[in-house]
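Dear colleague,

I am passing on the structure below, and my notes on its pockets and on one of its strands follow it.

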Amino acid sequence: MKIQLIAILTLAAFSAAAADSPVLRFDFGGRKPERGGAAVFPTNTYSAAKGFGFEPGLGVNSGDDCVASEKPFSFSVRVPEGNYMVTATFGGDAIASDNTVKAEMRRLMLEQVKTAKGETTTRKFTVNVRTPQIADGRAVGLKQREKDNEMINWDDRLTLEFNGPRPALRSLEIEPVQVPTVFLMGDSTVCDQPREPWNSWGQMLPRFFGPGVAVANHAQSGESIGSSLSARRFEKVFSQMKSNDWLFVQFGHNDMKSKATNALAVYKSNLKKIVAQTRERGATPVLVTSMERKTGIERDTLEGYPNAVRDVAKEDGVALIDLHSLSKILYRALGPNLDRAFQDGTHHNNYGSYELARCVVAGIRAHRLGLGKYLADDVGAFDPAHPDDPEQFKMAASASVDTKKPDGN
């Protein structure tokens with residue numbers, strides 16, 4: 001009863017403070033809220049009425065100064081769509097902690113942030129939040145699978161997953177920010193995969209950037225350029241795009257399945273239109289060739305589609321990250337460990353997508369793209385001919401699992 005009364009009082013104080021400041025503050029573990037924040041208890045599950053709380057189904061324990069768990073847990077805050085700077089403080093007086101943070105649909109933000117007993121540490125990262133609505137009653141044409149996954153990356157809340165061997169969350173601050181956005185468009189090898197063991201390079205990419213830029217992943221399983229145009233996915237991106245933003249485009253795996261005699265010409269034409277529309281908005285397009293399938297090390301499986309991307313990049317003076325070539329170098333280097341990067345013949349697991357994201361980052365650096373200045377301080381050099389040892393790779397797995405393969409192949 002005492003905890004419930006405190007929660008009601010602190011919620012009232014939080015609501016009053018939030019009306020005066022765009023910064024939302026949350027203190028965990030029963031400590032007195034600081035600077036008008038809300039005290040959050042393990043019993044505070046998310047509700048639309050409160051506008052914040054833990055997602056149900058995953059338990060947390062409360063100490064005097066933090067909430068901690070030996071399993072992943074998620075905390076959500078209702079916010080309008082946009083970019084948000086998140087300041088998270090980890091650690092507790094009585095425990096050591098090891099924290100990995102994912103946002104929205106398992107986008108990796110931080111990995112293995114460790115604190116010793118009695119120690120705390122603070123990290124910042126930026127999260128993009130979006131809804132399907134565009135304007136004038138138009139909206140993105142979501143697939144049934146997106147709806148079945150409860151549209152966690154299309155809803156009206158910012159959701160953070162705290163994971164790792166021993167996550168311990170002390171406080172959060174969430175503030176809307178105006179920073180450059182890196183929009184991603186593509187298929188199942190790029191999108192935010194909702195369930196383990198599937199993963200894509202686009203949802204690993206945010207980990208490699210500092211808080212000065214946001215990654216907005218609009219890719220979706222089974223998509224081609226044509227279907228993404230028809231479903232208004234590009235229209236949604238262009239409605240949000242500002243000058244100084246970036247658009248990374250990687251399609252091919254599903255486009256090549258078209259039986260139309262002019263399919264490749266239409267693909268190339270659509271790429272050129274997307275490049276032009278991006279530049280009209282003052283943003284920078286980056287073309288990415290599709291990575292190869294597992295069987296494509298010696299003989300390409302993507303027919304003429306990677307070359308079409310290369311041609312458009314050359315003809316229109318567009319930055320190109322040749323992930324098709326980089327992936328083949330990576331796969332050859334893995335040798336007998338190649339299966340350790342794949343979940344099936346096309347889709348990757350956490351390790352494979354992490355290595356491909358590092359290939360993309362290597363491409364950003366190799367071409368000296370201005371985006372490189374936003375890379376995180378701890379991002380070292382990467383050579384796909386010398387990948388990370390899969391035996392040493394560790395990634396905290398999310399709780400949600402689905403063995404059904406994503407759309408596309």
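Strand S11 makes the largest contribution to the lining of the largest pocket, giving 4 residues, and please keep in mind throughout that this is a predicted model. That pocket has a volume of about 480 Å³, and among the 24 residues that line it, those closest to its centre are Ser-74, Ile-152, Thr-159, Arg-195 and Ser-400. The elements that supply two or more residues to this lining are strand S8 (97–103) and strand S11 (157–166), and by class the lining holds 9 nonpolar, 5 polar and 10 charged residues.

The second largest pocket has a volume of about 310 Å³, and of its 16 lining residues Leu-110, Arg-123, Arg-207, Ala-376 and Asp-378 lie closest to the centre. Strands S9 (107–115) and S10 (121–129) each give at least two residues to this lining, with the largest share, 5 residues, coming from S9; the lining as a whole divides into 8 nonpolar, 2 polar and 6 charged residues.

Turning to strand S13 (residues 181–186), 6 of its 6 residues are buried. S13 runs parallel to strand S14 (residues 214–217), to which 4 bridges join it, and Val-182 has Val-215 of S14 as its bridge partner. S13 also pairs in the parallel sense with strand S15 (residues 246–250), over 5 bridges, where Leu-184 is partnered by Phe-248.

With best wishes

Definitions and conventions
Residues are numbered from 1 along each chain as its sequence is written. This is a predicted model: local features need pLDDT of at least 70, side-chain atom pairs count only at pLDDT 80 or more; totals for chains, interfaces and linings use all residues. Side-chain values use heavy atoms; hydrogens and water are left out. Buried means under 20% relative accessible area, exposed over 50%, partly exposed in between (1.4 Å probe, protein chains only). Two strands pair if DSSP finds at least two bridges between them. On a 1 Å grid over the protein atoms alone, a cavity is a set of points where a 1.4 Å probe fits but cannot get out, and a pocket is an open set with protein on both sides within 12 Å along at least five of seven lines; lining residues have an atom within 4 Å of a point. Grid points are joined across faces, edges and corners, and a volume is the space filled by probe spheres set on the points. Ala, Val, Leu, Ile, Met, Phe, Trp, Tyr, Cys and Pro count as nonpolar, Asp, Glu, Lys and Arg as charged, and the others, Gly among them, as polar.
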